[in-house]
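Please open the structure in your viewer and keep the selection tool at hand.

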Amino acid sequence: MKRHITYLSKTLNANGYTKCLPLSRFISTQEAVERRNHIFSLEKKRQIEQVGRIEKIEVRYKGIPKDTTFIMNKDLSTPYDCTKHLGQWYMESSALAVLDGSVYWDMHRPLTESCTLELQHFKVSEPQQVNKAFWRTCSLVLGACATNAFKTSVPVILHSFPQPDIRSGSFIYDVDLPSLPDWQPTHQELVTLGAEYVKFIRQNHALERLEVSAALAQEMFVDNEHKTAQIPSIARTNGKVTVYRVGDHVDISKGPLISNTSQIGRASITSVHKLTGSSESGVKQLYRFQGVALPTGVVLNHFAFSILTDRAKKLNSARSPLGPDIFGKKEDDMEVQQSAAAKA
Amino acid sequence: MSTNNLKLLCTKFNNLKINYVITRTASNWKPPKYRPPYWYMPKERVLTEDNLTQDNRMFIKEIIQDKLQAQAAMESPLENISQTETMQWTPGKKRVGLIARKIGNYPMWDKDGKKVLTTLLQVIDNHVIKYIPPENFKPMIHKVKQPQEHRRLGCMLVGAENIDPSTVTKDYCGLFNSVGMLPKRHLCRFMVSPEAALPTGTPLYATHFRVGDHIDVRAKTIDRGFQGVMKRWGFKGMPASHGVTKTHRRPGNIGAGGEKARVWPGTKMPGNMGNRWRITRGVKILRINTKHNIIWTLGVAIPGETGAMCYLFDTVLPLKKHKTSPPFPTQPPLDNLPLEYYDDSIHEFESPTISFEEI
Amino acid sequence: MNQADVSKLVSKLRIKVKAEHRNLRNPKGPEGRIDKLRKTVTGLIKFERIEVNYNRGDEARQYAERLISEAIRHGDCHTPTMKMADFWLLEKELVHKLFKVLVPRFENSNVSFTKMYKAPKPQYSRNLEKAVLELRGNPYPDLFTKQPNNRLWIQNVLLEAAKHDYRQSKYAEIAQNMAKNEEPTQVNSEAPKSEIIEDIKTQ
Amino acid sequence: MFKSLITKLCPSQLTCGFHTTACLNEVRLLTRLRVVDNSEIGMRAMAEGKPPKIICVYNKKRVGFIGDRVMVAIKGQKKKGILVGLKQIQNVKVPKFDSNNIVLIDDNGTPLGTRIHVPIPTILRTILKERTHAKGADYTKLLAIATRFV
Amino acid sequence: MIFLEFRALSTLPERVEEPPQEEPKEVPQRRGPKSTNPILEHRHIYPEFLPDPNPKWRNSLREKMERADMLKRRQQIDIPEFYVGSILAVTIADPHAQGKTNKFVGICIERKGCGLRAEFTLRNVVDHQGLEVRYDLYDPTIDKIQVLRLEKRLDDKLFYLRDALPEYSTFPLDMDPEILPEGTPVPVNPLKVKLKPKPWLERWERQELKGIANIEQYLTTTNRLNRKLRQTPWEKFDLMKQYRKTIPMEEQSDIWSEVNNQLQQLQMARKKMARKRTFTAPKTQLG
């Protein structure tokens, strides 16, 4: 099996991706998840093996308890490895790393050169980036949860999630459920979804990051027509696609994300809204899953949280991916799009 | 096969065994009723630091205020029921009671110029929260099946005094959410006749009772802590002098010897005084204020200190029961009520000075 | 029932005062209690932060608050206040500090003048609660690290946005109501009801 | 010596020693009274500085209140009297006197004197009328000889 | 100089730059008590409007209702301004009296209680017999309270009149009212009374009374020693004891601003009545 898939991926790399599209009709959602997961593992292994001779870099840590310097391995060690030298609290609470005071770095992304390192958790004085990463992670996990939650008879095709906007009150994921044209989730179903979500984050998955080539990405998401359509526009700038894995779920995101799902505390899935597309778009309708969550350390009384959940029940005003002008473009990387547009 | 037989034998022997352990219990002993009522929800919450900004705290308060306003604006369900539909009162019927707060005492004068001390009871935000009809109301589940009981009273939950929902548990709030209300600080169960049942969300006012009625007041007495027999039971103590040493305030002998050489149950001894539920029966209502919902009752015998909660019912004393029909099932909110009602025997402060006629 | 004393006017303390005073254990009785408290109050004014037993600290705190509020109310040219300060402050240079440093410091504040924290108990000692008593605006570092800027924390961002949303919808509703009220039939039916609502609210 | 005295009298240790509350001024057995009518025996007793002493209070509590009948020992004789003014704290609107006053009567309720030379409380009028029964003693004669009511 | 000293002690960073020349300017501003609210002066005239300071019995709503009832009663009967030491005539409706009314004149020796429980005690000597009568201030049977002489004495309680010579508490029952000219402050009578010899009802020597003239002549050495031992000089410095006895200024101003309006109206009405009385008074004399 393994060999088969490597072979397949190689051929795919060589031949391009268009031929593979029909494949999606032959595998179920569960199989697709497993396959994607497997490709991710292989690719990760390949990238680690590529490093070859191990070089040392100097990481100067700034912050509490004291400034120190770590000698780490280039392209192998991550900020998370650095926190292992500092203590368990740092391992659990650090959500994001800041390199050289400006570059926001995933906790599980290997360091490439000597730099200074700061760690950020949710209660720092300037938490905008951490909050964004948190919100992005919540969306991504919502996608994973949506994939798992339905029965095997219901195919779930993830579409995308927009750039995180905390002020909108909810994190969202747009999902295509082709077999459910008119689905109005009952209260009980929402509760079950929420329970699935919480169950997923309680498994304490680390969020692994990988940069893959556009072709490999196409192969990973071969069963997902929406994602395959989005990949070329994402890979336009440098031919690479950033892919994250949480548990066995793999998804495209620009990043950065927080370190671990255990850092998501109180969460609830509040509503599922239906988005209907215009006549021009290829996709007729999507479901927008909405939820609200708080990080682990943040304790909010139930009344204040109920205000938040009530608000999150309303349809999120983020742009619908089915709008006529933005068909086929990836919302997650709106900034990239905009900058590209500006350049053009 | 053999093991099977052995087991059988063992069980047989076990059945033959005589149980020599005799538990000494009274014949009328029943297991204590520890189970809380089934509508009970834990109320206390561990308060945590929310790290909210001042603005956001104000916002949460604003929302609570808006909800309270909406709650106050909600019209009473009684208004929709026409007068003809309401049940007629008959002497045997039990009405719902009120939850009130004791806010102090002050004197009033009757028409003969005699000073009477009164207790002020304030009825705050009383609303009907839930009604359980008699057939559904089974307060206790017994292991041994009880003989079919003929229940004729339903259970009505009444809440009083709005509180900040963030200070109580979510479960407790849920009790009130079903009626569309914010949680209340106090919740009380009243047993009512099915005819006197009220729709949920009905507000109750002080005019539920009339001036001149007699009520029973149930409240907790003042907690006086661990007290000796002289204060607790009014014992005489022992002489201060005449050779008495070390036993000036002690109870003395507590029983005889021989067969009775033990402390008899019910012996008056030192212990915690007060903080018990007590009912004062047949308290007369002298005056009612409809604006602030205050009830003035005769005497100062209402248990508890100032600020204590008490429950008011129609009295059960046979001679002081209602003679005529009280507001049944309760007084609906009316706009044109007079501000104050006075009992006939009481001198109103607005009326001129008392003067006596020569006979 | 007693009558309130009207011969003196005092400002209200901004701290919680118990209904009755505490007796501090002392062989000299009430006089000894005052003596003890004098020492604590003097120490508090002098060092601005002290660690004491909880009961004694709580009592002394009330006296210190009263002393400062009297000093603010009457100023340093009022003989009884001066005598009072002279009695309570055992070191006489502290009288100057009270009138010339503490009074300007607290003159325009609308919170209490002192702060009290519960302190950890020493492991091997009598079972006494300990407390830290301090004047506000003292030069020492804070006992608790304050979170200076929690406006950007996620819960506050979310609530801020919710507030914005809520206010918008509220204003929209008010505007709608005003538009409705322009119709004459609506005015008559709604005006008395709102009055009733207000009445109920006051109840 | 002085020091021990101080420690003995120090207020901190006084709390358990003796009563500091105001006295009740109750009229009970062996209380000395003041005769306020002009009966001969009463006048003489007061003038000699041997005021009468209560030997019985005719009520269940054995503490005399206003209008109660008492038996007094006066100049070696047993006489009955009515309390017409008390030192004890009274209800509102009822006067409290600086002395415990008595008017001597005989068994029929007729006063021994012909004039009372101090004011007597008006409430006594109602009390004595209540106590008077058709067949028993008539105490209202006492009211007739009063000079002033307060 | 002093300024520099306290700088060394203090630790106020933000005021370091203050030049010492400005100091004398600031001092006169802080001199004397802050300007107090004039309505707070009501507390001497109507002390019963202040609630009991014991927090166990406080309740804002009850106090409000009580004040409203007191004002309602004051609408019906004119309760004048009087103090301990003033001479009053009180007429009550008395079901026991002959004409169903009863009048008593005497000096006010005590005023106590708050709210509707307020009461005062009058003392007089009638027919060489000392008498004291206690009245509820808000009793509806009180027909009229007339101030015959408005003045204060040196002490707050005049219980020592019981042990004083009887002439100090003798007032004729048909005393004429003395009218103070409008606007004059209430005079304080500096009269010092003479006590009768012992036995006394209380140990007056221990109470630091100002209104007794001849107490020293009756004291023994033991009395003096005991008095000395029982003095509590620290008590006048006990700030919290004072605090627990009073209603704080902020709460008082709330109370007085609530009742001020009606009290003002009542005062105006009383003044009108007083003016009428001065007109009618000569007529009665003529008749």
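Begin with the hairpin of strand 1 and strand 2 of chain B, where five residues lie between the strands and B:Gly113 takes a positive phi near 85°. This is a predicted model, in which local features need pLDDT of at least 70 and side-chain atom pairs count only at pLDDT 80 or more, while totals for chains, interfaces and linings use all residues. Residues are numbered from 1 along each chain as its sequence is written, and chains are lettered from A and ligands numbered from 1 in the order in which they are written.

Next, select residues 98–109 and 115–123 of chain B, the antiparallel strands 1 and 2, which nine bridges join; here B:Tyr106 stands opposite B:Thr118 of strand 2. Strands are DSSP runs (E, at least two residues), as helices are (H or I, at least four), numbered from the N terminus, and two strands pair if DSSP finds at least two bridges between them.

Strand 2 of chain B also pairs, antiparallel and over five bridges, with strand 11 (residues 294–298), in which B:Ile295 is the bridge partner of B:Leu121.

Finally, show chains E and C together: 43 residues of chain E are in contact with 38 residues of chain C, contact being C-beta atoms, placed from the backbone, within 7 Å. Helix 6 of chain E gives the most to this side of chain E, with five residues.

Definitions and conventions
Two residues are in contact if their C-beta atoms, placed from the backbone, lie within 7 Å.
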